[in-house]
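User: I would like to go through the backbone of this model by question and answer, with the cut-offs stated as we go.

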Amino acid sequence: MDYAATGQDALSRIEGAGDLDTLEALRVEFLGKQGSISGLLKTLGKMTPDERKEEGPKIHALRESVTAAIATRKDALESAALEARLAAETIDLSLPAPETPRGSVHPISQVMDELAEVFADLGFAVATGPEIEDDWHNFTALNMPETHPARAMHDTFYFPDRDEKGREMLLRTHTSPVQIRSMIENGAPIRIIAPGRVYRSDSDATHTPMFHQVEGLVIDKGIHLGHLKWTLETFLKAYFERDDIVLRLRPSYFPFTEPSVEVDVGYSQENGRRVVGGSGDAPGHAWMEVLGSGMVNRRVIEAAGLDPDEWQGFAFGTGVDRLAMLKYGMDDLRAFFDGDVRWLSHYGFSAMDVPTLSGGVGTPA
């Protein structure tokens, strides 16, 4: 067989292939399972050793030359196709760039940042503590007796294990233990807020088993209720970004403060949502409780290792989730935890909306 002529014919046809489909057809014709060159390779098994020694190198050389020619021609055709595509395609730079998916900051995270910004301007530091607490820090040190309802199993998530001192362990029911830990570790004077997750066995439209609280604590000399009222009024005006916030303080009872006061704010109904502002006694307005507060009980100060005759202070606490609902018009606390992307797209914040007092702590409506 004239292998040279066969190879010349194959190389000529490969060189003349005008597109990749034609080239692929030639590859199958020559090198496929039923291809002509593949058939020549199969004949080697039927030859005598002498014939195989004579014909084998020629057939293998033919196969290698055809394989190399196909690869070379394929590279040339692909390069030509790319050049043609680049020459034909243009980019219209006047069109807007396609929108890329963007995440959002959850309203709770945004409000946490807003609270930190407001209180930082008032000289408060942010303090944190463990979410798994012992009952001494969570209850006893805060002047909550063994018979207090908050210690009941149906109100609190307890663990079966105890700590090394034999104390019961639980998911903290408030961030007040952070106040105790801060006083023990840092002494006085002290001015902190303690934001974070807390846990209670409760669930409805305005309560969830896990929610967020922010508590504040000031311990110094000569502290009185006037300092507390001014601090809360300044905080609420900055947070709601309104100067017409009016407070009403009502006597109340908390084991860890004495005297204790509930803090109400005036509000009105606008388009089906509560809008904080104005006096609750004004026409069309009413009062709504937003905070619990009071002067720190002497027993709590003593439990933290301080002298209550030398140091006095006030404390306050409120739900972060509730503050977010009031400011941004949300009506169901459970939606905060549903993970609905549509809800987050509506209420979420851009990562660039970093709260500052100079630029406002919230996003404009």
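Analyst: Pro189 lies in the loop that separates helix H7 (176-186) from strand E5 (190-199), where helices (H or I, at least four residues) and strands (E, at least two) are DSSP runs numbered from the N terminus. This is a predicted model, in which local features need pLDDT of at least 70 and side-chain atom pairs count only at pLDDT 80 or more, while totals for chains, interfaces and linings use all residues. Residues are numbered from 1 along each chain as its sequence is written, and side-chain values use heavy atoms, with hydrogens and water left out.

User: Is the peptide bond from Ala188 to Pro189 cis or trans?

Analyst: Most peptide bonds are trans. The bond leading from Ala188 into Pro189, however, has omega near 0 degrees, and its form is cis.

User: Which element holds Pro259, and what is the omega of the bond between Glu258 and Pro259?

Analyst: Pro259 has its place in strand E8 (residues 257-270). The peptide bond that joins Glu258 to Pro259 is cis, and its omega is about 0 degrees.

User: In what order do the 3 strands of the open sheet stand, and which of them are at the edges?

Analyst: Strands of a sheet pair through backbone hydrogen bonds, either parallel or antiparallel. Here the pairing is antiparallel and the order is E2-E4-E3, two strands being counted as paired if DSSP finds at least two bridges between them. Each edge strand has a single partner strand, so one side of it is left without a neighbour in the sheet, and these edge strands are E2 (132-134) and E3 (158-162). From one strand to the next the twist averages 35 degrees, where axes are lines fitted to C-alpha atoms, for helices over the stretch in contact, and angles run from 0 to 180 degrees between N-to-C directions.

User: How many bridges join E2 to E4, and which residue in E4 stands opposite Asp134?

Analyst: E2 and strand E4 (residues 168-171) run antiparallel and are joined by 3 bridges. Opposite Asp134, the residue in E4 is Met169.

User: What is the bridge partner of Arg162 in E4, and which residue of the hairpin of E3 and E4 takes a positive phi?

Analyst: E3 and E4 run antiparallel, with 2 bridges between them, and the partner of Arg162 is Glu168. The hairpin has 5 residues between the strands, and the residue with a positive phi near 80 degrees is Gly166.

User: Is Asn143 buried or exposed, and is Asn271 buried or exposed?

Analyst: Asn143, in the loop between helix H6 (135-138) and E3, is not a glycine and yet has a positive phi of about 65 degrees. Asn271, in the loop between E8 and strand E9 (273-276), likewise has a positive phi, of about 55 degrees. Buried means under 20% relative accessible area, exposed over 50%, and partly exposed in between (1.4 Å probe, protein chains only). With 19% Asn143 is buried, whereas Asn271, with 85%, is exposed.

User: How many residues of helix H10 are buried, and which residues does Gly329 touch?

Analyst: Helix H10 (residues 320-328) is mostly covered, with 8 of its 9 residues buried, among them Val320, Leu323 and Tyr328. Just after H10, Gly329 takes a positive phi of about 75 degrees, and this residue is partly exposed, with a relative accessible area of 26%. Contact means heavy atoms within 4.5 Å, and, leaving aside residues up to four places away in sequence, Gly329 touches Arg273, Ala324 and Tyr347.
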